[in-house]
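Colleague: I am new to this structure and would like a close look at one part of it. Please take the sheet, and then go on to whatever else can be said in detail.

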Amino acid sequence: MTTFRRRVAEWRLPYLRPAVIGFPQWFPKAIIFDSPQEATMAFPHLQQPSFLLASLKADSINKPFAQRCQDLVKVIEDFPAKELHTIFPWLVESIFGSLDGILIGWNLRCLQGRMNPVEYNIAMEFLDPGGPMMKLVYKLQAEDYKFDFPVSYLPGPVKASIQERVLPDSPLYHNKVQFPPTGGLGLNLALNPFEYYIFFFALSLITQKPLPVSLHVRTSDCAYFILVDRYLSWFLPTEGSVPPPLSSSPGGTSPSPAPRTPAMPFASYGLHHTSLLKRHISHQTSVNADPASHEIWRSETLLQVFVEMWLHHYSLEMYQKMQSPHAKLEVLHYRLSVSSALHSPAQPSLQALHAYQESFTPTEEHVLVVRLLLKHLHAFANSLKPEQASPSTHSHATSPLEEFKRAAVPRFVQQKLYLFLQHCFGHWPLDASFRAVLEMWLSYLQPWRYAPEKQAQSSDSQPRCVSEKWAPFVQENLLMYTKLFVGFLNRALRTDLVSPKNALMVFRVAKVFAQPNLAEMIQKGEQLFLEPELVIPHRQHRLFTAPTVTGSFLSPWPPAVTDASFKVKSHVYGLEGQDCKYTPMFGPEVRTLLSEAQLAQLTFALGTTQDENGKKQLPDCIVGDDGLILTPLGRYQIINGLRRFEIEYQGDSELQPIRSYEIPSLVRALFRLSSTINRRFAGQMVALCSRDDFLGSFCRYHLTEPVLANRHLLSPVGRRQVANHARGPRLSLRFLGSYRTLLSLLLVFFVASLFCIGPLPCSLLLVLGYLLYAMAMTLLTERGKLHQL
């Protein structure tokens with residue numbers, strides 16, 4: 001890695017007033033030193049913990065970005081850890097922003113190389129996993145400093161459980177919860193420098209405000225996205241081992257964090273998984289341990305933090321459905337007739353489940369970063385050599401990194417990713433932006449795409465066959481394939497498939513699941529899950545078995561078929577609970593969703609089929625207590641414009657909203673005029689309409705409207721509230737406020753002018769013509785009423 005160009009920094013103290021620090025009045029206000037270290041040596045009585053911090057804060061305001069980074073590099077190199085630990089929390093916050101989202105820091109999510117090349121290159125070099133910032137982290141790590149991180153900014157499920165004194169299932173939080181002293185406020189986690197740095201880095205994706213819609217930023221080009229990729233490639237390498245940390249002293253290394261005593265007793269809703277590193281070292285018989293075993297904790301910590309901060313978010317109903325993994329395994333233990341003499345762990349408090357309320361909506365940027373994590377994890381896990389990937393060759397001599405590659409996805413990622421995907425499938429808007437979630441899901445379903453031994457594309461462009469070596473992955477992730485596929489189908493039926501973007505998503509899913517041999521693997525996994533429980537022999541649950549000195553927690557045991565069945569059942573019950581009702585993907589219920597009968601019905605709906613009254617058919621619906629209820633097919637017909645309800649205004653015609661073909665100001669003026677006439681001559685109009693002669697019929701034709709109860713009401717609510725009485729006679733002039741009426745009158749006057757007919761004679765002819773039309777309609781109306789009687 002290239003290093004920053006070093007330059008002797010000017011250490012200015014313009015903000016120190018002589019009267020404040022005890023200097024005489026003639027002392028210069030600006031003092032220039034060759035280095036910050038020389039400044040502190042010149043004034044030993046000023047070597048306060050806040051002196052360096054105050055200087056850097058002043059520089060962050062007065063100096064440009066490039067100069068500030070050069071000064072920080074010099075400070076990190078020259079100052080001891082005793083001085084640096086006071087500036088570390090401020091520096092981390094100034095880079096990644098505050099946890100409340102108010103301060104944006106360096107705004108890495110918007111920083112792009114093609115827009116700001118100078119700032120981009122400086123920031124990337126400074127934050128590189130082998131750069132100055134990480135060197136500061138390792139410098140503080142060697143001195144075993146701890147930094148408080150507020151629990152209130154953790155993901156909702158974690159925060160809720162810790163506040164209820166229920167320790168989360170992730171080992172990331174074990175022995176780290178610190179309670180405030182008497183009178184103090186808030187819970188904190190005591191984190192080492194590496195954990196503190198990665199916590200802030202991961203949470204900056206969540207806590208910072210979403211990018212404005214007007215700002216078109218390509219996520220894959222941003223500094224944050226590229227830093228995530230660099231950190232994953234550095235700490236989860238697909239080739240070789242994890243590079244050792246940069247050390248400030250020759251031959252020195254940063255020790256792995258030592259276990260500490262918990263501050264208070266906790267119940268845990270998860271198994272107390274010890275670190276892979278600690279388990280491996282405790283089981284080694286050789287004194288000379290693998291050097292990588294001292295550094296694997298960084299890889300494990302990085303992955304756990306990313307998973308906890310990015311995936312440990314879901315809705316309340318999903319959180320309430322989750323139960324203690326202890327209870328899940330005990331029920332599974334009973335279902336599979338597996339006997340063991342294990343002690344029963346303490347049951348967690350269930351108050352946290354009901355107290356949890358988190359309104360979390362992931363952004364498209366968040367989903368793209370998670371997809372990057374999943375793609376790299378597949379490449380990381382698939383980088384095992386064939387002889388190391390086989391369980392039969394696994395022994396105590398396997399390096400911690402190889403052991404971590406096998407356990408990374410199933411142990412740390414699978415459960416939280418499944419819940420995260422379910423949350424996205426259920427809460428994401430029904431638009432084309434769901435493509436990001438879809439591609440994230442499909443990336444996880446296809447680990448063979450990221451395997452080093454990629455098959456060559458055949459010459460006839462046929463899809464590649466999925467190798468049988470991936471059958472265990474498909475079986476142990478069965479719900480990822482089956483339940484989420486059904487969820488996608490239900491979602492697709494509610495979207496507008498006429499849109500090319502929505503249709504493309506359906507095509508993408510169909511193309512993935514149509515890969516040769518994949519459907520057979522999924523069907524085999526379902527058969528293993530539905531296999532009768534009595535065929536499984538009497539044996540001990542290996543997840544509860546402590547590994548021996550010569551064994552491993554992943555050591556194999558026969559028989560192979562029942563072992564696969566046990567893994568599938570453990571996967572399903574572990575994610576859905578012991579009372580789950582599994583719907584087979586190849587069962588009759590799912591087949592009826594894009595079946596031949598429904599396809600024929602949809603095809604039939606595409607036509608212009610007429611009902612017996614000559615009108616188009618209504619959308620498919622059923623009759624309920626409150627009227628018609630749309631079926632899924634009916635929703636599909638409405639969304640895609642195949643059928644619709646005939647909607648018409650059924651209230652007071654004078655009070656209906658102003659239409660687009662009306663002049664608003666003229667309609668309001670005519671309404672006020674007609675209302676005035678109706679109030680002044682109401683009695684006379686009632687008397688005229690009450691007459692039994694032709695004049696009464698003529699007035700009723702113009703001054704009354706049909707009874708509202710005689711109309712065909714479609715709304716069940718309106719049907720209950722409608723009144724069966726007619727309104728009194730009134731005059732309505734609203735028709736004169738229509739563009740159509742006015743244009744028709746202008747056209748008539750224009751044609752009349754061509755025949756040398758003036759406006760006044762033309763108006764008289766119009767009135768006479770209308771009177772003749774109204775008299776004819778009056779006679780027809782009265783004759784119709786007589787026939788009805």
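Modeller: The sheet is open and made of 3 strands in the order 1-4-3, with antiparallel pairing. Its edge strands, each pairing on one side only, are strand 1 (147-150) and strand 3 (177-178). Strand 3 and strand 4 (residues 188-191) are joined in the antiparallel sense by 2 bridges; in strand 4, Asn-188 is the bridge partner of Gln-178. Strands count as paired if DSSP finds at least two bridges between them. Helices (H or I, at least four residues) and strands (E, at least two) are DSSP runs, numbered from the N terminus.

This is a predicted model, in which local features need pLDDT of at least 70, side-chain atom pairs count only at pLDDT 80 or more, and totals for chains, interfaces and linings use all residues. Residues are numbered from 1 along each chain as its sequence is written, and side-chain values use heavy atoms, with hydrogens and water left out.

Next, helix 33. At 1.5 Å a residue, the 16 residues of helix 33 (residues 739-754) should span 22 Å, and the 23 Å between its end C-alpha atoms agrees. The expected span is 1.5 Å times one less than the number of residues. At the start of helix 33, a side-chain oxygen of Ser-738 comes to within 3.2 Å of the backbone nitrogen of Arg-740. Just after helix 33, Cys-756 has a positive phi of about 65°.

Last, the cysteines. The structure has 0 disulfides, a disulfide being a pair of cysteine sulfur atoms within 2.5 Å. The sulfur of Cys-699 has its closest cysteine sulfur in Cys-689, 5.5 Å away, which is too far for a bond. Cys-699 is buried, at 10% relative accessible area, and Cys-621 is partly exposed, at 24%. Buried means under 20% relative accessible area, exposed over 50%, and partly exposed in between (1.4 Å probe, protein chains only).

Terms used: Polar contact = N/O pair within 3.5 Å; in protein donor to acceptor, adjacent residues only side chain to side chain.
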